[in-house]
Amino acid sequence: MTPAPSIVVIGGGPRGTGVIERIAANAAELYGDRPLDLHVVDPHPAGGGRIWRPDQSPLLWMNSMAEDVTMFTDETVELAGPVVAGPALDAWAEDVRAGRVTPDADPAVLAEIHGLAGADFPTRRLQSAYLRWTYERALAALPPGITVHEHRTTALTVTGPRGGRQRVRLQDRPEPVLADLVVLTVGHLDAEQDPVQAELAGFARRHGLVHLPPDFTADSDLDALRSGEPVIVRGFGLAFVDLMVLLTEGRGGRYERGEYLPSGREPVLYVGSRRGVPYHAKIGYPWTGEHPPLPQHLGPAWTEELLSRTGPLDFRRDIWPAVAKELGHAHYHRLFTAHPERTALADEVFAEKYAAADPGSPELAGLIAEAVPDPADRLDLDALDRPLDGVRHDSPEALQEALRAYISADLKRRHDPEHSEDLAVFLGLLSVYAQLVRLGDIGSWWHGFFSYLASGPPGPRLQQLLALSRAGVVRFLGAGLTVETDEDQGLFRARSATVPGAHTEARALVEARLPDPSLRHTASPLLRALRDGGAAVTDDGLLAVDPGDSRVLDDEGRPHPRRFALGPFTTARAGGAFTRPRTGGPAFRQNDAAARAALTFLRDLSCRGRLAS
């Protein structure tokens, strides 16, 4: 008897779940009732995978409100397959409360669900329950001919000829899983230490110090950080927020009336970064009124024109001017329509002249200066990106006061609808991201800027940061942070351009960030084998994939007919495996294209008879 065709999805987190949901959505049209074996490989429970696994501290939150999280397509997503509606996280919680949905979750998570409102920031373990339910719903929607096999283990290698079945070797199974197609959705990668981190780790070992390299914070050995001792923390994004929470509330501290009451078990966190400031707080008010028409200056036609050019693209030269003009369009459209009292030209006059001016030109700058009298109402992306550039303080104490004032001002503005142009820029960032993922690898700067401006922590986390600063548990180091090693004294030493001449010494250094999504230093044996086996890898270490359907490319640019890859380790990395409702969800578009290509291939394979192994 001829075995059924088979597809192996390696990675059962939200990206793999999204691909399976799209397989279920498209199967009736493209595959019918033919038999198919669907294998899901992940050492962690499918649905949430490693990052969103259920056994995490209840102190760890998502950085999105419940109403802003969905795993389901809607009419704003550009896809060839059918839209299959489903609840956003807050609506799903309402379904649970009404008894329409019974999730597989422990009593503590169920209690969280029953208390959840749309504007709340859910815990990660609650999101894990939503993702698991989404996964189970996708499996239930598969045609009866598709049989699912879950493997709670790690995939080690994928081998096989381009024209034949692939062999997926698993960690705890002597025989490989045979696959007609393989889809890699492995998410964030562990990394071997690059030369800089390896040197720091060696220094720490020689002197009995603590060095925690880039990692998912929930998996770091935080017990090595001793109570009361200084810790240099390099990184001021979301990984730092997790670190801050686990080393304060996680060690018994608590907040009362806006002040932090230490437990005495906390280390002292000296934090700095290239920017020297935390990511901007999440905007804390809803949208009202007219949306800016997006995309306007950076849409599919612009993307296609760039893709038609020969030679490599330079982000600053070829892409950034159009990005800046698109974000400015969103900003000024909102300012003129919602806050016209702060403008000095008629809306239609400004809009016409803005559209005609070249990006970054003196004419555009002059128009904005004429139309928007207060410089505080103008969009200055450079100042937003590097707020401490050129700022100097005479003492570390002066920096503490200044940075607390900066964070307080950011919190106030991000919760004030009188500055709703900021929310318009956020929508512009989402629109821009949806176009830029079509271009493939454009370097890492844009992704960092997007996260800093659009994907920051909940406002309450920055309120906690202020309280920790006042309590002396967190100390700010400033921008342009450098860390050096002192072999004579056996210490790490941090310096910042913001306080010239000052330095901080510590016996512990934490790199508060995820590892770079690079195959150059990946610890994954699966991706190392692909890299060394001829898959194309960019200068930034990303796995090259076809921008149309996410097939893996080889060194000659040829798509592998039987291997797909989606996620942050690829050139088509999108902003996230889930997204806000009604914002286009570029990851959903990629999932749909890959699922349709896979089903079409498997259908044709089944119709003409299986190719020999």
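## Aromatic contacts around Tyr-433 and Phe-450

Tyr-433 and Phe-450 are both buried. The model that contains them is predicted. The two residues belong to one aromatic cluster, formed by Phe-315, Trp-320, Tyr-433, Trp-445, Trp-446, Phe-449 and Phe-450. Across the structure, the count of aromatic pairs comes to 22.

One of these pairs joins Phe-315 and Trp-320: the ring centres are 6.2 Å apart and the planes meet at 35°, so the arrangement is tilted, since stacked pairs have planes under 30 degrees apart and edge-to-face pairs over 60. Phe-315 has a relative accessibility of 11% and therefore counts as buried. Trp-320, at 10% relative accessibility, is likewise classed as buried, because the cut-off for that class is under 20%.

The rings of Tyr-433 and Phe-450 have centres 4.5 Å apart and planes at 75°, so this pair is edge-to-face. Tyr-433 lies in helix H13 (residues 421-436) and Phe-450 in helix H14 (residues 445-454); the pair links distant parts of the chain, its members being 17 residues apart.

A pair of aromatic rings is described by the distance of the centres and the angle of the planes. The table sets out these values for the two pairs.

| Pair | Distance of centres | Angle of planes | Class |
|---|---|---|---|
| Phe-315 and Trp-320 | 6.2 Å | 35° | tilted |
| Tyr-433 and Phe-450 | 4.5 Å | 75° | edge-to-face |

Conventions: Residues are numbered from 1 along each chain as its sequence is written. This is a predicted model: local features need pLDDT of at least 70, side-chain atom pairs count only at pLDDT 80 or more; totals for chains, interfaces and linings use all residues. Side-chain values use heavy atoms; hydrogens and water are left out. Rings of Phe, Tyr and Trp (its six-membered ring) pair if their centres lie within 6.5 Å; planes under 30 degrees apart count as stacked, over 60 as edge-to-face and the rest as tilted. Buried means under 20% relative accessible area, exposed over 50%, partly exposed in between (1.4 Å probe, protein chains only). Helices (H or I, at least four residues) and strands (E, at least two) are DSSP runs, numbered from the N terminus.
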